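I opened this model to look up two things. The chain interface came up before the ligand site.

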Amino acid sequence: MRHRLLLPALASALLLASSLAGGPVRAADAGPPGASSCTGCHAAKRIPDSVIPRIAGRKASDIVQFMREYRSGAWPSSVMGRIAKGFDDQQIDAIAAWFAAQPE
Amino acid sequence: MATRRTFLKLTAAASLAAPSIASAQASGRVVVVGGGFGGATAARTLKVLEPKLTVTLVEPNPVFTACPFSNNVLAALREISQQQFGYDGVQKTGVVLAQTAATAVDASGKTVTLTDGSKLPYDRLVLSPGIDINWGALPGYDEAAAEKMPHAWKAGAQTVLLRQQLQAMDDGGLVVISSPANPFRCPPGPYERASLIAYWLKIWKPKSKLLILDSKDAFSKQRLFQNAWAQLYPGLIEWVSLSQGGKVTAVDPATLTVVTDFARHKAAVANIIPPQKAGTIAQKAGVADRTGWCPVEPVAFESTLQPGIHVVGDSAIMGGMPKSAFAANAQAKVCAGAIVELLAGRKPVDPILINTCYSLVAPDYGISVAGVYRPDKGVLADIPGAGGTSPLEVVGGFRGQEALFASSWFKTITTEVFG
Ligand SMILES: Cc1cc2nc3c(=O)[nH]c(=O)nc-3n(C[C@H](O)[C@H](O)[C@H](O)COP(=O)(O)OP(=O)(O)OC[C@H]3O[C@@H](n4cnc5c(N)ncnc54)[C@H](O)[C@@H]3O)c2cc1C
């Protein structure tokens, strides 16, 4: 495996309870440009037997580092390199902060 | 023309200005037509972003049958039931489900007419009716012909029919796939289908052949597909391009004959993927142009022909974005966010959208094409330097891993859309 499959074990039930049913203000934020497309693969909710790593609730600085290294090719990937090349530093920072603020 | 434009500008300005008097929070009625990848996403996202909205989803089918991964059903790798999703999760979000079809739209009176003649008023309307077959565009291909020569380009009974025909075919039979000119739903779809049928034929009917008759000279992920075919299914798949005479000009369902300008191919199984257009309700609403598809602006995907009506998914002309479930879902989320802003009297910011289409060449062999898009000169344009296909040369388990990512994507997106 070229990437870490970091799967935070406790989070899914909590997340589901809060993000649906009118939940907290934070979950009802559409996010900065680009973020809503990430969730097509990196869902807010835990998906049983998905092998795509979860990023909701991860440290913003980790997400930023991954994205920059995918973009430069320093960190290998199947698809993230092609995606990260569409975003500049500022956009990545905003998206990372938004995901970091989501329930893990 | 000038008067019409002025009128549109005025109504657009009015609809933007009015709610801001009330408050900065959105309230209002949004109707969404079509409970597929675009529509169900739009309805759910609207309600999650702004619980005060009244959101009604109009969809006649109690169960949605998804097209992505339906090519696996043809190759007996999945059952059609695994493609099916109900609307409980959508309703749980607070969306009102109207289980019926929309039959008309009055864009100036802002109402949607339902099958029983009742009218639903709206402040903003979202249309995501997907495609309809452009019956009549291919001589000989009508609804009756589709029962003999299935398109299987809307998943469900057509998919099951094509699978049954393949299973009933004698070993050594000729399978013909006809692929249309651009634009059409799921550009890599015909070639993924050819791949997975070839995978199945190689195991169960190894003397058979598969012929793709194409109305194009190039197709999505072409080199990746062709390299894989040469490696996995040598001699089994033949692709005939437009300039080699591949364009299908007519079909004869009585004899299962597929006709080009140069030849008549008698098929054992004929899968005709015909020319398509935006779902019929788009024409009725006046949001489709002469191409049969719907022009929209690139920020909120509001129709450039009728203010107050947004179009997402396959029906819309989305610049560089292909017609995919991934794209429909991404567009619907952006559209929902923009509608919340518009109803609150704010101006939506320029979005960025991603598309990724995975295809399986074999169950454990995945390839992908991705793109990143932003508004540029009035259309959604590719961000230069981003996107592209999986590499042509890879080592180790790369293709196997992309196949796993493909099925992970399907689980993720269907959970996001349907709950
Ligand atoms: C074989 C095949 C494989 C595919 N594979 C992939 C893939 O791997 N990845 C990918 O991203 N995409 C794939 N696609 C494409 C994907 O299926 C479509 O792009 C996607 O479904 C488009 O979403 P939509 O919302 O525009 O339309 P749809 O999902 O088709 O939804 C339209 C809905 O509108 C409803 N409707 C229509 N008219 C009315 C009306 N008048 N009133 C009320 N409701 C109405 C319909 O009943 C339907 O439920 C594939 C397609 C095919 C055919």
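I took contact to mean heavy atoms within 4.5 Å. On that rule, 36 residues of chain A are in contact with 41 residues of chain B.

I noted the conventions. The model is predicted: local features need pLDDT of at least 70, side-chain atom pairs count only at pLDDT 80 or more, and totals for chains, interfaces and linings use all residues. Residues are numbered from 1 along each chain as its sequence is written, chains are lettered from A and ligands numbered from 1 in the order written, and side-chain values use heavy atoms, with hydrogens and water left out.

Interface. I looked up the salt bridges (a side-chain nitrogen of Lys or Arg within 4 Å of a carboxyl oxygen of Asp or Glu). The rule finds 2 across the interface of chain A and chain B. One of them joins A:Arg82 to B:Glu402, at 3.6 Å from N to O. By class, I read 16 nonpolar, 14 polar and 6 charged residues on the side of chain A that touches chain B. Here Ala, Val, Leu, Ile, Met, Phe, Trp, Tyr, Cys and Pro count as nonpolar, Asp, Glu, Lys and Arg as charged, and the others, Gly among them, as polar.

Ligand. I counted a residue as surrounding it if one of its heavy atoms lies within 4 Å. There are 34 such residues, and B:Gly38, B:Glu59, B:Ser128, B:Arg185 and B:Asp314 are the closest. A polar side-chain atom of B:Asp314 lies 2.7 Å from a ligand oxygen atom. For B:Ala102, a backbone N or O atom lies 2.9 Å from a ligand nitrogen atom. The shell divides into 18 nonpolar, 11 polar and 5 charged residues.

Methods: Polar contact = N/O pair within 3.5 Å; in protein donor to acceptor, adjacent residues only side chain to side chain.
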